Amino acid sequence: MIPEEIPVLIIGGGPVGMTCALLLEKYGLKSLVIERTDALPQTPRAHVIRKRSMDIFDKIGVADAIYEAVPGPETRFITWVAQLAGKEIGRIDMARDGIPGGWANLPQNLLCPILLEQMAHNELADIATETECLDISTSPNGVTATLQNAGGTKTVSARWLIAADGAGSRTRDALGIRMVGPDNLAQFYMVHIKADLTEWVKDRPGPLFWILNPEAPGTLIVHELEKSHVFMVPSRGKELTEDKLVQHIRRGLGGDVPIEILNAGRWTAYSQIAEQYRQGRAFLAGDAAHRFPPSGGLGLNTGILDVHNLAWKLALVDKGLAGDALLDSYEIECRSVAQTNADASLHNMMTLAEVHEAIGPFDTLKDLETRLDQLSPPARENLQQAIDNQTSHFTSDGIYPGTWTGEPHRDLGVPTNYRSFKLLMRVPPKWAGPVAALEKKHSLRIEIYPFIQAHDRQGFLKDKEAVLLRPDDQVAWVGATPQELDDAVAAALAGPVSGADEGTSTAA
Ligand SMILES: Cc1cc2nc3c(=O)[nH]c(=O)nc-3n(C[C@H](O)[C@H](O)[C@H](O)COP(=O)(O)OP(=O)(O)OC[C@H]3O[C@@H](n4cnc5c(N)ncnc54)[C@H](O)[C@@H]3O)c2cc1C
């Protein structure tokens with residue numbers, strides 16, 4: 001049942017839209033997600049869910065379900081091959097190369113059902129599936145959306161609107177917001193296949209195989225060893241029939257294995273960011289705000305950071321506990337992070353060529369195999385170096401400067417109240433009086449936790465007394481006296497954390 005009015009309307013029930021609704025629920029704000037499909041995507045797409053996203057998923061109660069749903073294989077190796085069943089060119093060993101742990105390798109088609117199930121248990125986070133948003137109109141007081149589903153067309157009004165309707169966002173277009181940055185970097189067919197690849201993957205388990213066979217190149221993403229994979233087939237703008245795709249994939253894999261195409265869609269790589277994240281009472285989030293190459297696995301993760309940054313601010317402003325300027329800080333803080341992640345993804349995509357260059361020119365599979373056989377020891381070392389240089393695909397954490405990432409995050413407790421800031425202190429009881437007065441003054445909760453040196457990986461505290469974390473775990477202030485804390489809380493409610501737009505640490 002679609003209401004006529006709702007506090008927050010979210011267009012797009014992908015991972016970002018649903019996470020946004022679940023976060024808003026934690027902060028006490030009711031929302032409705034509009035999703036044109038059944039919200040159960042068939043294709044895997046994103047799969048690398050980084051540690052920071054997992055911390056956020058923990059807050060909305062789905063982290064354990066995500067870890068449990070990970071189908072495998074073990075995410076140990078990233079491998080370059082001539083063909084999957086052919087010559088191996090080299091690998092990155094993620095255990096050896098110190099890639100940070102705590103992430104989950106769960107494809108988007110298995111993640112979305114977990115989020116949808118969680119929405120079913122939340123009264124404040126609702127979803128209307130099989131419902132399309134046709135248009136929106138904005139006014140200084142809110143937004144009205146025209147929706148269509150099997151029951152016909154209707155309008156719904158909201159105080160706030162979040163466009164999470166993906167890379168081709170129609171809502172973004174309706175708001176007249178342009179994307180800026182490199183367009184049309186490469187074209188692929190993203191082919192979801194059913195095939196049992198156990199034989200070639202079991203001894204070098206990992207999610208990614210780069211296939212360099214010049215007659216059938218591509219990236220193989222192994223999602224479920226025995227049955228679900230994506231083969232990214234470069235298309236260079238050409239139309240490829242299903243038969244041609246099967247042929248290409250067979251020659252890329254090399255082994256004799258039955259393949260069934262479950263889904264094939266054209267996909268273009270961009271490295272673009274929306275020129276604005278906010279227009280009045282409407283905000284962009286996720287791929288609607290930024291779209292970059294999947295090299296680095298940062299797209300979905302950046303979107304989860306977006307809504308984590310926005311949700312608590314929206315809740316405070318909606319309840320009249322902070323001024324509207326706090327919402328401007330969303331764009332200031334998140335756009336620069338998206339730009340950094342777009343640049344990193346593009347860099348990752350470009351540096352992949354180093355591996356080809358280290359092998360030398362080859363036009364046929366036979367050439368490639370001959371070259372690999374004839375590599376001198378220094379040339380082989382050079383090739384392995386080129387492969388090791390690709391480690392940046394997996395090491396970039398893609399998070400805000402100044403985010404508290406102390407371990408284990410769960411030990412800090414998970415405040416579920418939108419009013420909750422956290423104060424980590426060396427001597428916790430010391431400021432209890434002034435903190436209580438501040439809580440009253442700002443109608444906030446400031447939860448005091450003992451500071452544990454081992455948790456301060458970034459060294460925020462060093463010689464200071466206390467660190468103030470915003471509800472999104474962003475370090476708002478590091479200091480020594482309760483008087484400074486008073487100013488810091490007021491500043492955190494007024495706008496962006498200092499330095500966020502320059503991409504520097506926010507720690508004082
Ligand atoms: C091959 C591949 C691998 C990737 N791997 C990773 C990875 O490992 N890690 C990572 O972080 N990212 C990865 N990405 C990127 C990731 O898939 C996206 O960043 C992510 O899907 C963005 O989520 P979203 O919710 O913003 O948008 P989407 O997932 O696109 O969801 C948007 C939703 O809006 C709905 N919608 C659109 N228009 C309307 C409308 N008018 N009315 C109602 N509903 C509408 C759509 O049906 C859709 O469900 C990968 C992408 C690809 C292609």
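**Helices, ligand and domains**

Helices H8 and H9 are roughly antiparallel to each other, a word used here for angles over 145 degrees; their axes cross at roughly 175° and come within 9 Å. This is a predicted model, in which local features need pLDDT of at least 70 and side-chain atom pairs count only at pLDDT 80 or more, while totals for chains, interfaces and linings use all residues. Residues are numbered from 1 along each chain as its sequence is written. H8 covers residues 299-318 and H9 covers residues 325-351, helices being DSSP runs (H or I) of at least four residues and strands (E) of at least two, numbered from the N terminus. The axes are lines fitted to C-alpha atoms over the stretch in contact, with angles running from 0 to 180 degrees between N-to-C directions.

The contact between them, where two residues count if their C-beta atoms, placed from the backbone, lie within 7 Å, includes Leu305, Leu310 and Leu314 of H8 and Leu326, Tyr330 and Val337 of H9. By class, the contact of H8 with H9 has 11 nonpolar, four polar and three charged residues, where Ala, Val, Leu, Ile, Met, Phe, Trp, Tyr, Cys and Pro count as nonpolar, Asp, Glu, Lys and Arg as charged, and the others, Gly among them, as polar.

H8 also meets helix H2 (residues 51-59), and the axes of H2 and H8 come within 9 Å and cross at roughly 45°.

The ligand is surrounded by 35 residues, of which Gly12, Gly14, Gly166, Gly286 and Gly299 are the closest; a residue is near the ligand if its C-beta atom, placed from the backbone, lies within 6 Å. H8 returns here, supplying the largest share of the shell, four residues. By class, this shell has 15 nonpolar, 13 polar and seven charged residues.

Because both domain 1 (5-71 + 106-182 + 271-342) and domain 2 (186-269) give residues to the shell, the ligand lies between them. The protein chain also has domain 3 (347-395) and domain 4 (409-502), with bounds that come from an automatic or database domain assignment. The C-alpha centres of domain 2 and domain 3 lie 20 Å apart, and their contact takes four residues from domain 2 and six residues from domain 3.

Conventions
Angles under 35 degrees count as roughly parallel, over 145 as roughly antiparallel, 65 to 115 as roughly perpendicular and the rest as oblique.
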